[in-house]
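Keep the 3D view at hand as you read.

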Amino acid sequence: MDISTQLLEDARKRSTANKEIVTNLIYGSSDLAKQVKDFHKRCAEVPAIQVPIDFYNWSRKQQILSRAGSYVELTRLMDGKPDDMDNYLAPILYVPQPNYFGVHFGMVVPALKILGSDAQNKEFLDDFVSLKKSACYAQTEIAHGSDVQGLLTTATFDRKTNEFIIHSPSIEAIKFWPGDLGLLANHALVFAQLIIDGKNHGTQGFIVPIRDFNTHKPLPGVVVGDIGPKLGYNAKDNGFLQFNNVRIPNFNMLARYIQVTPEGQVVRQGNPKISYSSMMIMRLLIVYIYSFQAAVSMTIALRYSICRTQFRNDSGVENSVLAYQTQQDKLFPLLANLYSVIFTARKVQELVRDNFNRVQQKNDFSKLDVCHAILSGTKANFTYFVIDCSEWCRLSCGGHGFAHYSGLPGVFFENVPNATLEGENQIMYLQLSRFLLKMLKLSTKDVSKIPDQFAIFRNINHYLQFKLKEFHADHLETLLASQAIQQISRTASKMLKLLGEGKDAKAIWDYDIGTDLYKSGAYFIELYKLQSFKETISTVTDLKTQTALTQLLQLHAIQLILTDPSVLIQSSIIDPDVLKSMREYKNTLLEQINENAIVFADAFELSDEALRTTIGCYDGRPYERMYDWAVNHNSVNKIDIGRIINPLKNIKIKSKL
């Protein structure tokens, strides 16, 4: 047996946690775990789905064109349900490169279902699901992104014809960045300012044809195309879109919650914030689905760190790299964070589903603000984490992690856009913090109205007064809760002080407390993740598995505190002796977690084909695969470089020295 294979097998034999139990926790059920595993097996049998080894040697044009066959086959394997959220998990884990119509199914179809009237769904939905009609989500403009209310595209109502006139009044109003727009879509879900008799009625959604159904050429009044190469998402056709007085019928404005009568009267019902529901669906896709990409990085890095040996020990045997504390310190806090993210993502999915069920079935908008706040914070936290995890996993694999063949750079490049798209992350934290300040205010009035997700506000005095003189792991959740409440309370006090000095509330928000708000949101989400992690562990009855997961939970909390203990120290909640004890306990946890690290990687059940790696396969053998891919699958080696090099040999360079 190859030595690398032996090292991995030995590590698996030493593990005490039950892999099957952990797998079912990760996926929420044994059924979904089996669905993902079976889907990957089926994918491995279809050549058109595979991402070629030489993919990153190709031009962007080649990369885009190559995804056509992959899309067709993936859609076929998805059993005709490409708009089902759970159905996205297995395909995106297998093929992280953007496939055709991802935005169409991930944003436009949900928006039509939620915001479109029954008549509009009857008219458009079947064609959208069958791709007879395909659409992009045209919200972002070249001069406005997260500031949706500042969008400049207009939809002016013409009561003479009962039509809307879609227009880009300036270069700043041109739609820029929507995926599926540059090449694929023949329709656009356009978000524009509704104008009636010169009065602005806010941003609304309109279904606008942009390309001819038969020729796929731009329709009159439409200028559309691809915006060019980017950092990541190279196979996605992000586009630009300009309108010159394009007319659409009144029927094409999404009308479940707002209508315009032929006489020009605006009729509203429900919460106007529901108009952003499709963005919430896309954020859920990022939070719930794309977070699993960190598992790809972690699986590769942990397996390679076990089978990679460097430097001889006292017995003259080279150590596995993962035996070194510094490598454990790189990877295990990330591993712990990964599990907190995955378990929390499932809680967020349940919250979002409950919200939309209430809205659609009961016209109940009571959970909308809670859903928006939690989604905003987790979107920011999770996307930052996936990027950081991929980069630190790459660094932990040394020089070989730098190669695309390792599988690690691709995870970074295909996920780094998520920190910006569908809500820039700093703004996401600010939106969460706005809700946190509301909860703080509510805590002084009626704590019974505080939602369960924000239960710490029901007992803020406890957290404001809490002090820890001697460290014990049982206090970790209370420490994180105290940290969050202290930061939020300080931010509120600072704002009240500035208001008392006569400053404008918006100016204070924009110029004086922005960083305080950011930290408030960040601290709260870390607490929310820890609580979700803890709640998930409580369902485990196998003692050894529960113990192993608890070690991860404790490491995650300790790492958060040790990374930034400033608020806890400034508030005299802890002292240097407590920090010293936490550092010592962390070192103990690193040693304990090493026993089950391989199980925590293997539990994601990611096939070698899905990982697309030379260094992180289930059976190891990294060097054999690295050499094979470099020699036999690298098209650069087929370049006839002689015709370029030979003329250079005759160049005479005169020195001026």
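**A sheet, a hairpin, helices and spaces**

Begin with the open sheet, where 3 strands follow the order β4-β8-β7 with antiparallel pairing. Its edge strands, β4 (175–176) and β7 (222–226), each pair on one side only. Here strands (E, at least two residues) and helices (H or I, at least four) are DSSP runs numbered from the N terminus, and two strands pair if DSSP finds at least two bridges between them. This is a predicted model, in which local features need pLDDT of at least 70 and side-chain atom pairs count only at pLDDT 80 or more, while totals for chains, interfaces and linings use all residues. Residues are numbered from 1 along each chain as its sequence is written, and side-chain values use heavy atoms, with hydrogens and water left out.

Look now at how β4 is held to its neighbour: 2 bridges join β4 to β8 (residues 239–243), and the two run antiparallel. K175 has L241 in β8 as its bridge partner.

Q310 is bridged to N319 of β13. Together β12 and β13 make a hairpin with 5 residues between them, and G316 in the turn has a positive phi of about 85°.

Next, turn to helix α9 (residues 293–307). α9 packs against α10 at an angle of about 150°, with the axes 11 Å apart; axes are lines fitted to C-alpha atoms, for helices over the stretch in contact, and angles run from 0 to 180 degrees between N-to-C directions. α9 and α10 are therefore roughly antiparallel. With α11, the axis of α9 crosses at roughly 20° and comes within 9 Å, so α9 and α11 are roughly parallel. On this scale, angles under 35 degrees count as roughly parallel, over 145 as roughly antiparallel, 65 to 115 as roughly perpendicular and the rest as oblique. The crossing of α9 with α10 is left-handed, and α9 also passes α11 in a left-handed crossing, meaning that the near helix is turned anticlockwise from the far one by less than a right angle.

What about the spaces? The second largest pocket holds about 710 Å³. Of its 24 lining residues, N337, D388, E526, L560 and T563 are the closest to the centre. Two or more lining residues come from each of α10 (325–362), α11 (368–396), α16 (476–500), α18 (514–537) and α19 (543–563), and α18 gives the most, with 6. A pocket is an open set of points on a 1 Å grid over the protein atoms alone, with protein on both sides within 12 Å along at least five of seven lines; a cavity is a set where a 1.4 Å probe fits but cannot get out, and lining residues have an atom within 4 Å of a point.

Finally, the whole structure has 1 cavity of 30 Å³ or more. I286, Y290, S291, T383, V386, N415 and N418 line the largest cavity.

Notes: Grid points are joined across faces, edges and corners, and a volume is the space filled by probe spheres set on the points.
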